[in-house]
Amino acid sequence: MHSDKSSKIRKKKKNEKQYDTFSLTMELNRPLITEEELKKQNEEKQYQKKRKLNKNIFKVLACILIIVVIGTFAWLSNSYEPQDIARENLISNNEVFVEEGDVTKFIPKEVISDTGIIIYPGARVDVKAYSPLANRLAQKGYKVFAADMPFNMAIFSSHKADKIIEDNKDIKDWIIVGHSLGGSMATKAVETNNKIKGIVYLASYPSNDKIKLTDAKVLSIWGSKDGVINFENLIKSKDFLPKDTKYVEIEGGNHSDFADYGLQKGDNKAITSEKEQLNITVESISDFIKDKIN
């Protein structure tokens with residue numbers, strides 16, 4: 001009995017030794033990782049981390065871009081609409097025929113001038129808000145064309161005047177009236193089209209002196225209570241304009257009342273009436289055309 005027990009113990013130990021030897025052999029037979037392979041593995045890990053980081057950055061940037069696009073579109077879509085007086089002036093009467101469209105036309109029943117007038121709106125202002133100004137100028141005998149702009153921003157179509165001029169070859173000379181940002185964009189049209197003989201800045205000014213390189217005459221009108229325009233830049237811009245530029249300050253006038261779209265954000269309430277500001281603007285433009293253009 002003792003012998004059998006000893007035999008079993010010896011067999012067990014023998015088996016354990018074989019197992020251990022086998023395990024050790026397997027470990028020794030495994031190929032060792034070389035330094036080059038280890039470097040490749042580390043590089044792959046770093047690449048995957050970088051790739052994941054880039055994906056996350058891309059997702060964040062994409063989200064920011066979408067927010068910016070949506071916000072910009074919402075801002076552009078939230079334009080200043082024509083008010084009651086403006087809408088009334090979009091109706092034809094016994095003095096002026098009005099035709100709405102991509103370009104709203106104000107054609108006088110009795111044309112007394114071969115000079116046409118083009119109007120560029122201020123930023124985010126529906127050009128139809130300028131219908132009181134356009135209608136009154138048409139009553140003076142001028143054909144007037146109010147240029148509708150993409151998203152009501154003249155910056156997206158600064159040379160729209162070219163098509164208006166091309167489509168109305170019966171008109172000999174042109175002046176362009178630009179309000180606020182529309183004035184800056186109107187400058188670009190004057191610089192490239194020699195049929196535009198004059199430019200009227202309404203609460204606006206050029207950003208450089210290129211207008212001097214043209215033969216265009218200039219009229220600058222602004223209101224003393226304007227809360228939007230940068231008066232320091234307005235004064236500095238006089239160096240950019242021809243010496244014979246005519247300046248008109250409307251005492252008590254503001255930025256918004258050159259059209260009928262309500263009080264623009266940041267503007268001051270005018271002391272003078274909207275009607276009075278309109279009267280002075282119309283008479284100043286009419287006199288400008290008679291004295292400088294015709």
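Helices (H or I, at least four residues) and strands (E, at least two) are DSSP runs, numbered from the N terminus. The model described here is predicted, so local features need pLDDT of at least 70 and side-chain atom pairs count only at pLDDT 80 or more, while totals for chains, interfaces and linings use all residues. Residues are numbered from 1 along each chain as its sequence is written, and side-chain values use heavy atoms, with hydrogens and water left out.

By this assignment, Asn-254 is found in the loop between strand 8 and helix 8. Asn-254 counts as buried, its relative accessibility being 2%; the term buried stands for under 20% relative accessible area, exposed for over 50%, and partly exposed for values in between (1.4 Å probe, protein chains only). The side chain of Asn-254 makes a polar contact with that of Asp-267, at 3.4 Å. A polar contact is a pair of N or O atoms within 3.5 Å; within protein, one must be able to donate a hydrogen and the other to accept it, and residues adjacent in sequence count only if both atoms are side-chain atoms. Leaving out residues up to four places away in sequence, Asn-254 touches several others, among them Gly-223, Lys-225, Leu-263 and Gln-277; contact here means heavy atoms within 4.5 Å. Between the C-alpha atoms of Asn-254 and Ser-273, which are 19 residues apart along the chain, the separation is 9.7 Å.

The protein chain has eight helices and eight strands. Of its 294 residues, 41% count as buried. Among the contacts with a separation of 6 or more, 69% come from residues 24 or more positions apart. The accessible surface comes to about 17600 Å², and 54% of it belongs to carbon and sulfur atoms; such areas come from the Shrake-Rupley method with a 1.4 Å probe, and for residues only the protein chains shown count as cover.

Eight strands form an open sheet with mixed pairing, in the order 1-2-4-3-5-6-7-8, where two strands pair if DSSP finds at least two bridges between them. Strand 1 (96–99) and strand 8 (246–250) are the edge strands, each pairing on one side only. On average, neighbouring strands of this sheet are turned by 15 degrees against each other, direction ignored. Axes are lines fitted to C-alpha atoms, for helices over the stretch in contact, and angles run from 0 to 180 degrees between N-to-C directions. Strand 7 and strand 8 run parallel and are joined by five bridges, and Gly-223 stands opposite Ile-250 in strand 8. Helix 8 packs on the sheet, where it touches strand 3, strand 5, strand 6, strand 7 and strand 8, and its direction makes about 170 degrees with that of strand 7. Helix 5 (residues 160–167) lies across strands including strand 2 (103–108) and strand 6, and runs at about 150 degrees to strand 3.

With a relative accessible area of 1%, Ile-250 is buried. Its contacts beyond four places in sequence include Ile-221, Trp-222, Phe-258 and Ile-280. The C-alpha atoms of Ile-250 and Trp-222 are separated by 6.0 Å, although the two residues are 28 apart along the chain.

The nonpolar cores come next; each is a set of buried Ala, Val, Leu, Ile, Met, Phe, Trp, Tyr and Cys residues joined through side-chain atoms within 4.5 Å. The largest has 39 residues, and Phe-106, Ile-117, Val-144, Val-200, Ile-221 and Ile-285 have the most contacts inside it. Helix 8 (residues 274–293) gives the most to this core, with six residues. A second, separate core of 24 residues includes Ile-118, Ile-196, Ile-199 and Val-218.

Helix 4 (residues 131–139) is largely enclosed by the rest of the structure, because seven of its nine residues are buried. Just after helix 4, Gly-141 takes a positive phi of about 105 degrees. The buried residues of helix 6 pack against strand 3, helix 5, strand 5 and strand 6. Ser-204 sits in the loop between strand 6 (196–202) and strand 7 (217–223), and is buried at a relative accessible area of 4%. A polar atom of the Ser-204 side chain lies 2.7 Å from the backbone oxygen of Ser-180.
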